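Good morning, everyone. Please have the sequence and the structure open while I talk.

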Amino acid sequence: LDSQGLILDAAGLKSNALVFTSYFGELHNCHVIRATADGMVLPSVGAGGQAMTGSQVNVSIYNSWIASNGGVGLSIIDPAANRITDWKLIDSFLCDNEGGNLYADNCAGAIIRGCHTYHHTVAAPAGTVDLRNTYSTQVSGNIFEGTQNSLACLNVTGGSHPAKFVGNDFW
């Protein structure tokens, strides 16, 4: 699946704005805004918590804007930590998402590059970017911006191979 220019203004929809399940899927120049739950979700489990079949390897999100959602902006839900791997988030903006801008259960082989995460709201969560299971993950050239009352927060846990963090700015 390859989608370009998708604009999802959830306008208070009481759900996630976009649940994306694809193998080698790409999203380019997408706007995902104003859902009461998460903006964009890449899940390896269904709504009832059951494991989905197959995998979602090499999903790429480019030059997208994920903002003003009531939950997490981009949420990678992979509790088994082996179904959603080698994903990319490139040159995208994640801002003002009440539950944090990015949460990922599994970052195995992930590349997060050239992104800007920030909050203009005072109620920014403690972990605006929360990355787990960072097996061979690369995080480079990003701007992690805090609010007027707190510094930006990047929470990183797990991983058996070193993750690489290069040239990121924290404001």
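I'll go through the core, a cavity and the salt bridges.

First, the ground rules. This is a predicted model, where local features need pLDDT of at least 70, side-chain atom pairs count only at pLDDT 80 or more, and totals for chains, interfaces and linings use all residues. Residues are numbered from 1 along each chain as its sequence is written, and side-chain values use heavy atoms, with hydrogens and water left out.

Let's start with the core. In soluble globular proteins, nonpolar side chains tend to be buried together. A nonpolar core here is a set of buried Ala, Val, Leu, Ile, Met, Phe, Trp, Tyr and Cys residues joined through side-chain atoms within 4.5 Å. Buried means under 20% relative accessible area, exposed means over 50%, and partly exposed is in between (1.4 Å probe, protein chains only). The largest nonpolar core has 29 residues. Met-40, Leu-42, Leu-74, Trp-87 and Leu-89 have the most contacts inside it. Strands E6 (40-43), E9 (74-77), E12 (102-104) and E15 (129-132) each supply at least two residues of this core. Strands are DSSP runs of E, at least two residues, numbered from the N terminus.

Next, the cavity. On a 1 Å grid over the protein atoms alone, a cavity is a set of points where a 1.4 Å probe fits but cannot get out; lining residues have an atom within 4 Å of a point. Grid points are joined across faces, edges and corners, and the volume is the space filled by probe spheres set on the points. How many cavities of 30 Å³ or more are there? The count is 1. The largest cavity has a volume of about 40 Å³. Its lining includes Leu-89, Val-129 and Thr-117.

Look at Thr-117. Thr-117 sits in strand E14 (residues 116-118). Thr-117 is buried, at 4% relative accessible area. Beyond four places in sequence, its contacts (heavy atoms within 4.5 Å) include Leu-94, Val-129 and Phe-144.

Last, salt bridges. That term means a side-chain nitrogen of Lys or Arg within 4 Å of a carboxyl oxygen of Asp or Glu. There are 2. In one, Asp-9 pairs with Arg-34, with the closest N and O atoms 2.8 Å apart. That pair links distant parts of the chain, 25 residues apart: Asp-9 is in strand E2, and Arg-34 is in the loop between strands E5 and E6. Asp-9 is partly exposed, at 39%. Arg-34 is partly exposed too, at 41%.

Arg-132 pairs with Asp-130, at 2.9 Å between the closest N and O atoms. Here Arg-132 is partly exposed, at 32%, whereas Asp-130 is buried, at 11%.

Key: 1 Å grid on protein atoms, 1.4 Å probe; cavity = no way out; pocket = protein on both sides within 12 Å on 5 of 7 lines; lining within 4 Å. Helix = DSSP H or I, 4+ residues; strand = E, 2+ residues; numbered from the N terminus.
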